[in-house]
Amino acid sequence: MASNGINFRGFSNKALTFLIDVSIYNSRSWYQEHKEDYLKYIQKPLQDLVMDLSDTMQEIDPYIDTTPAVGKTISRIYRDVRFSKNKSIYRSHMWITFKRGNSGWQDVPAFFFEFSPEIYLYGMGFYRVSSETMRKFRRSIDEDQDGFLKIIDFYSKQDDFVLQGEKYKRVFDKSKSDTINEWYQRKNLSLVCKKEIGDLFFSPELVTELSKGYQLLAPLYHYLNSLTTDILL
């Protein structure tokens, strides 16, 4: 189980102020003057959050990397602008991700938490996934449709997470139920809970909320992992 805020005490309004300001000023000189604010109000709480969630993540999958470090579980404040039209140097939103440590992003399901000055969101799914992995996903459903329905049985019984991911316009199998095709037709796949910044964001209880959400999604995470086991270990 998560350690329920032993390290993480909640984010502060100063974290949101920093992200608002960095989106406005976004220069190296401004960042150097405010780097201590980034370290104190952004990086340190994110490290604490990772540490408090580490037990939960390791229970879900002992291969998940829970290193509380930038470039491991914590996003960098610096943006790679080489191939982007947006030339802002620094991010105005931050995130943590939990995935298997020796893998890249493609075809790897990951748990995530992200926040900006207005909202936070969390969930699990693919960031970049190949069409081949999604073909494996559909074949897996074809081979055991009842088994897949058991995996996603939780989805209709909750209101927090929403299934996201672009769909193919062409229907692959019109004989399948609407419930199955809601998943079967996806080009990509993730489950996301999106909330406005509120009291929980500033509380240690955020750890509990994230932990419960990740545990709810764990069976689906393992199902998606099974599609790419050969590249994950």
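Author: Here are some questions and answers about helices, strands and loops. Keep in mind that this is a predicted model.

Reader: Which residues of helix 2 and helix 6 make the contact?

Author: On the helix 2 side you'll find L49, D52, L53, T56, M57, E59 and I60. Helix 6 brings V207, L210, S211, Y214, Q215, A218, Y221 and H222. Sorted by class, that contact has nine nonpolar, four polar and two charged residues.

Reader: On to the sheet. How many strands does it have, and in what order?

Author: It's an open sheet of five strands in the order 1-2-3-5-4, with antiparallel pairing.

Reader: And what makes strand 1 and strand 4 the edge strands?

Author: Each of them, strand 1 and strand 4 (162–164), pairs on one side only. On average, neighbouring strands of this sheet are turned by 25° against each other, direction ignored.

Reader: How do you know that strand 1 and strand 2 pair?

Author: You count bridges. Two strands pair if there are at least two bridges between them, and strand 1 (residues 94–98) and strand 2 have five, in the antiparallel sense. For example, I96 stands opposite F113 in strand 2.

Reader: What about strand 3, how many bridges does it share with strand 2?

Author: Strand 2 and strand 3 (residues 119–126) have seven bridges, again antiparallel. There, F111 has M124 in strand 3 as its bridge partner. A hairpin through three residues joins strand 2 to strand 3. Strand 3 also pairs with strand 5 (residues 190–196), antiparallel and over seven bridges, and the partner of L121 in strand 5 is K194.

Reader: Why is strand 2 called mostly covered?

Author: Strand 2 (residues 109–115) has seven residues, and six of them are buried. As for helices, helix 2 packs on the sheet and touches strand 1 and strand 2, with its direction at about 20° to that of strand 1. Helix 6 lies across strand 1, strand 2, strand 3 and strand 5, running at about 20° to strand 3.

Reader: S116 is in a loop. Why is S116 called buried?

Author: Its relative accessible area is 13%, and buried means under 20%, so S116 counts as buried. S116 is found in the loop between strand 2 and strand 3. Leaving out residues up to four places away in sequence, S116 touches L16, L19, S92, H93 and I197.

Reader: What does L227 touch?

Author: Not counting residues up to four places away in sequence, L227 touches T133, K136, F137 and S140. Take F137: L227 and F137 are 90 residues apart along the chain, and their C-alpha atoms are separated by 6.7 Å.

Note on methods
Residues are numbered from 1 along each chain as its sequence is written. This is a predicted model: local features need pLDDT of at least 70, side-chain atom pairs count only at pLDDT 80 or more; totals for chains, interfaces and linings use all residues. Side-chain values use heavy atoms; hydrogens and water are left out. Contact means heavy atoms within 4.5 Å. Helices (H or I, at least four residues) and strands (E, at least two) are DSSP runs, numbered from the N terminus. Ala, Val, Leu, Ile, Met, Phe, Trp, Tyr, Cys and Pro count as nonpolar, Asp, Glu, Lys and Arg as charged, and the others, Gly among them, as polar. Buried means under 20% relative accessible area, exposed over 50%, partly exposed in between (1.4 Å probe, protein chains only). Axes are lines fitted to C-alpha atoms, for helices over the stretch in contact, and angles run from 0 to 180 degrees between N-to-C directions.
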